[in-house]
Amino acid sequence: MKIAVLVSGGGTNLQAIIDAVASGKITNTEIALVISNKESAFALERAKNAGIEGKYISPKQFADKEEYSKAMIDTIKGAGCDLVVLAGFLVVLPASFVSAFENKIINIHPSLIPSFCGDGFYGLKVHEAALARGVKVTGATVHYVDAGTDTGPIIGQKAVYIEDGDTPEILQKRVMEQAEWIILPKAIDDIANGRI
């Protein structure tokens with residue numbers, strides 16, 4: 001199975017996928033393409049270091065969302081990808097993109113959906129909301145992407161305990177290490193090997 005990984009920032013989840021493919025935790029999978037909407041994203045450097053094709057494609061380069069969507073679809077299909085993995089990708093994908101890859105897009109979200117998800121909940125904002133609400137357990141969710149925001153079928157979840165003194169930054173790091181970097185590679189491996 002060939003995958004395209006879409007990222008906006010540092011690419012820590014991308015690195016977890018690269019490492020899991022290299023170590024054999026993810027089998028039957030090749031990362032064919034990494035796309036970022038930010039030219040300076042460190043994720044593109046990670047791709048280059050791993051010998052993976054990296055591309056910068058931003059909505060700002062196109063007249064409208066549909067032109068952007070078409071460019072993304074053509075690039076991903078042109079690379080022969082079977083699955084699109086959103087790994088910290090902070091662009092709302094146009095409906096035409098989602099329908100072009102129906103049931104072939106997965107996302108990692110840093111909470112236990114349905115908590116702290118939907119419009120406006122991304123990155124540190126998710127962890128800030130969890131701490132402000134006073135919940136004792138948070139975590140991460142891998143889910144299929146549909147037309148809504150964080151509404152697609154859930155593939156897997158992993159809980160992470162909130163500790164006294166947590167800041168949003170500390171909690172974000174713990175959720176990545178204890179949940180995201182574990183369940184995202186597992187979901188890819190399960191899909192690649194027909195278990196999902």
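**Exercise 1. Describe how helix 1 and helix 6 pack in this predicted model.**

Solution. 
- Start with handedness: helix 1 and helix 6 make a right-handed crossing.
- Take the geometry next. The two axes come within 9 Å and cross at roughly 55°.
- Classify the angle. Angles of 65 to 115 degrees count as roughly perpendicular and those under 35 as roughly parallel. Helix 1 and helix 6 are therefore oblique to each other.
- List the contact residues. Helix 1 supplies Thr12, Asn13, Ala16, Ile17 and Ala20. Helix 6 supplies Met176, Glu180, Trp181, Leu184, Pro185 and Ile188.

**Exercise 2. Repeat the analysis for helix 5 and helix 6.**

Solution. 
- Helix 5 spans residues 124-133. Its axis comes within 9 Å of that of helix 6, and the two cross at roughly 110°.
- That angle makes helix 5 roughly perpendicular to helix 6.
- The crossing is right-handed.
- From helix 5, the contact uses Leu124, His127, Glu128 and Leu131. From helix 6, it uses Pro168, Glu169, Leu171, Gln172 and Val175.
- The contact residues split into 5 nonpolar, 2 polar and 2 charged.

**Exercise 3. Characterise the largest pocket.**

Solution. 
- Begin with volume: the largest pocket holds about 900 Å³ of space.
- Locate its centre. Of 40 lining residues, Gly88, Phe89, Leu90, Asn107 and Tyr122 are the closest to it.
- Helix 1 (12-23), helix 4 (95-100), strand 5 (105-109) and helix 6 (168-192) each give two or more residues.

Technical notes:
Residues are numbered from 1 along each chain as its sequence is written. This is a predicted model: local features need pLDDT of at least 70, side-chain atom pairs count only at pLDDT 80 or more; totals for chains, interfaces and linings use all residues. Side-chain values use heavy atoms; hydrogens and water are left out. On a 1 Å grid over the protein atoms alone, a cavity is a set of points where a 1.4 Å probe fits but cannot get out, and a pocket is an open set with protein on both sides within 12 Å along at least five of seven lines; lining residues have an atom within 4 Å of a point. Grid points are joined across faces, edges and corners, and a volume is the space filled by probe spheres set on the points. Helices (H or I, at least four residues) and strands (E, at least two) are DSSP runs, numbered from the N terminus. Axes are lines fitted to C-alpha atoms, for helices over the stretch in contact, and angles run from 0 to 180 degrees between N-to-C directions. Angles under 35 degrees count as roughly parallel, over 145 as roughly antiparallel, 65 to 115 as roughly perpendicular and the rest as oblique. A crossing is left-handed if the near helix is turned anticlockwise from the far one by less than a right angle, and right-handed if clockwise. Contact means heavy atoms within 4.5 Å. Ala, Val, Leu, Ile, Met, Phe, Trp, Tyr, Cys and Pro count as nonpolar, Asp, Glu, Lys and Arg as charged, and the others, Gly among them, as polar.
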